[in-house]
Amino acid sequence: TRDYPAALLGTFPSVYQLMPRARHGRVRDAGGGPIENLYDPDLWETKGWGLANPAAMTMLEVMMPEAASNAVRRARALRHQAKLLARAEQLHRALDRPAVPPADLDLFLVLGGGFETPAGASVDADGAVEIDRTAEGDGVVLRASALMSGDEPALNLDRTYRSILLLPEEHVDIVASPVFGDNLLYWLLHWRETLEVEQAEAGLGEPVVAVATPR
């Protein structure tokens, strides 16, 4: 496993896009209440998170050697972080919008399970973050997150996905599983053909694919 500097990871848009939604209450403050707006750049600066952490300056000097001073580096970093937080919020709003995929698009869900997975964090008065809850998942992604079971109304999985494959594997080992490989080959080569044959025998047309509307 390779460790990357936190400040370097803090420049990646995907890091912020992976944050949980406030409605799930995954991140709590010192009083036990949910932190409502994780996209607020002022919150990150106040708590010293990400590129606002004073310890990030060492990496910022490496990334911005031409900057006139550390004050300039910090100002640039905070502007960049604010943009990434705004983009993450935009992405989350887009993902939360109701949508119906094309009728000829087959959706398949593969997820791992059987491992304790970080499910929540608490933030103390000084801004320190600690994982304080775990739940079932693949060690990285919660099963509830993969199944979107934390949203209301409940997702109609049998109508959203053509197939759901749950493997007793950790996150990075899912794609190395021979069971995954066998199923992927079947989906790519034979799924549509088998489905059309079954529908023809049953006298059915193309099934409707729909997704639930999260709050």
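A contact here means that heavy atoms lie within 4.5 Å of each other. On that basis, among contacts in the protein chain between residues at least 6 apart in sequence, 61% join residues at least 24 apart. The structure is a predicted model, and its protein chain holds nine helices and five strands, which follow one another from the N terminus as α-α-β-α-α-α-β-β-β-α-α-β-α-α. Of the 215 residues of the protein chain, 31% count as buried.

**Nonpolar cores**

- The largest nonpolar core has 22 residues, and those with the most contacts inside it are Tyr-16, Ile-35, Trp-44, Trp-49 and Leu-60.
- Two or more residues of this core come from each of helix H3 (41–47), helix H4 (57–63) and helix H5 (70–96), and H5 gives the most, with four residues.
- Apart from this core lies another one, of seven residues, among which are Leu-167, Phe-180, Trp-187 and Trp-191.
- Trp-49, when residues up to four places away in sequence are not counted, touches Ile-35, Leu-38, Leu-43, Trp-44 and Gln-81, and also Val-123, Gly-127 and Val-129.

- Strands of a sheet pair through backbone hydrogen bonds, either parallel or antiparallel.
- In this model, three strands form an open sheet in the order S1-S3-S4, with mixed pairing; strand S1 (27–28) and strand S4 (129–137) are the edge strands, each of which pairs on one side only.
- S1 and strand S3 (residues 115–123) run parallel and are joined by two bridges, and in this pairing Val-27 has Ala-121 of S3 as its bridge partner.
- S3 and S4, by contrast, pair in the antiparallel sense over eight bridges, with Phe-115 standing opposite Gly-137 in S4.
- The hairpin of S3 and S4 has five residues between the strands, and Gly-127 in this hairpin takes a positive phi near 95°.

- Thr-117 is found in strand S3, and it counts as buried because its relative accessibility is 0%, where the cut-off for buried is under 20%.
- The side chain of Thr-117 reaches two backbone nitrogens: that of Asp-138 at 3.4 Å, and that of Gly-139, which lies 2.8 Å from a polar atom of this side chain.
- Leaving aside neighbours within four places in sequence, the contacts of Thr-117 include Arg-133, Thr-134, Ala-135, Glu-136 and Gly-137, and they also include Asp-138, Gly-139, Val-140, Val-141 and Leu-142.

**Residues in loops**

- Glu-169 is found in the loop between strand S5 (163–167) and helix H8 (178–189), and it counts as partly exposed because its relative accessibility is 24%, which falls between the 20% limit for buried and the 50% limit for exposed.
- Not counting residues up to four places away in sequence, Glu-169 touches Gly-112, Gly-113, Phe-115, Asp-138, Ile-174 and Ser-177; Phe-115 is also the residue that stands opposite Gly-137 in S4.
- Glu-169 and Gly-139 are 30 residues apart in sequence, and their C-alpha atoms are 9.0 Å apart in space.
- Asp-106 is found in the loop between H5 and strand S2 (108–112), and its side chain is joined to that of Arg-162 by a polar contact of 2.6 Å.
- Beyond its neighbours within four places in sequence, Asp-106 is in contact with Arg-162, Trp-191 and Arg-192; Trp-191 is also among the residues of the seven-residue core.
- Phe-12 has its place in the loop between helix H1 (6–9) and helix H2 (13–17), and it is partly exposed, with a relative accessible area of 36%.
- The C-alpha atoms of Phe-12 and Leu-84 are separated by 8.0 Å, although these residues are 72 residues apart along the chain.

**Cavities**

- The count comes to two cavities of 30 Å³ or more, and the second largest cavity holds about 30 Å³ of space.
- Lining the second largest cavity are Pro-20, Arg-21, Ala-22, Gly-25, Arg-26, Val-27, Pro-34, Ile-35 and Leu-38.
- Of these lining residues, Val-27 is the bridge partner of Ala-121 in S3, while Ile-35 and Leu-38 are among the residues touched by Trp-49.

Conventions
Residues are numbered from 1 along each chain as its sequence is written. This is a predicted model: local features need pLDDT of at least 70, side-chain atom pairs count only at pLDDT 80 or more; totals for chains, interfaces and linings use all residues. Side-chain values use heavy atoms; hydrogens and water are left out. A nonpolar core is a set of buried Ala, Val, Leu, Ile, Met, Phe, Trp, Tyr and Cys residues joined through side-chain atoms within 4.5 Å. Buried means under 20% relative accessible area, exposed over 50%, partly exposed in between (1.4 Å probe, protein chains only). A polar contact is a pair of N or O atoms within 3.5 Å; within protein, one must be able to donate a hydrogen and the other to accept it, and residues adjacent in sequence count only if both atoms are side-chain atoms. Two strands pair if DSSP finds at least two bridges between them. On a 1 Å grid over the protein atoms alone, a cavity is a set of points where a 1.4 Å probe fits but cannot get out, and a pocket is an open set with protein on both sides within 12 Å along at least five of seven lines; lining residues have an atom within 4 Å of a point. Grid points are joined across faces, edges and corners, and a volume is the space filled by probe spheres set on the points.
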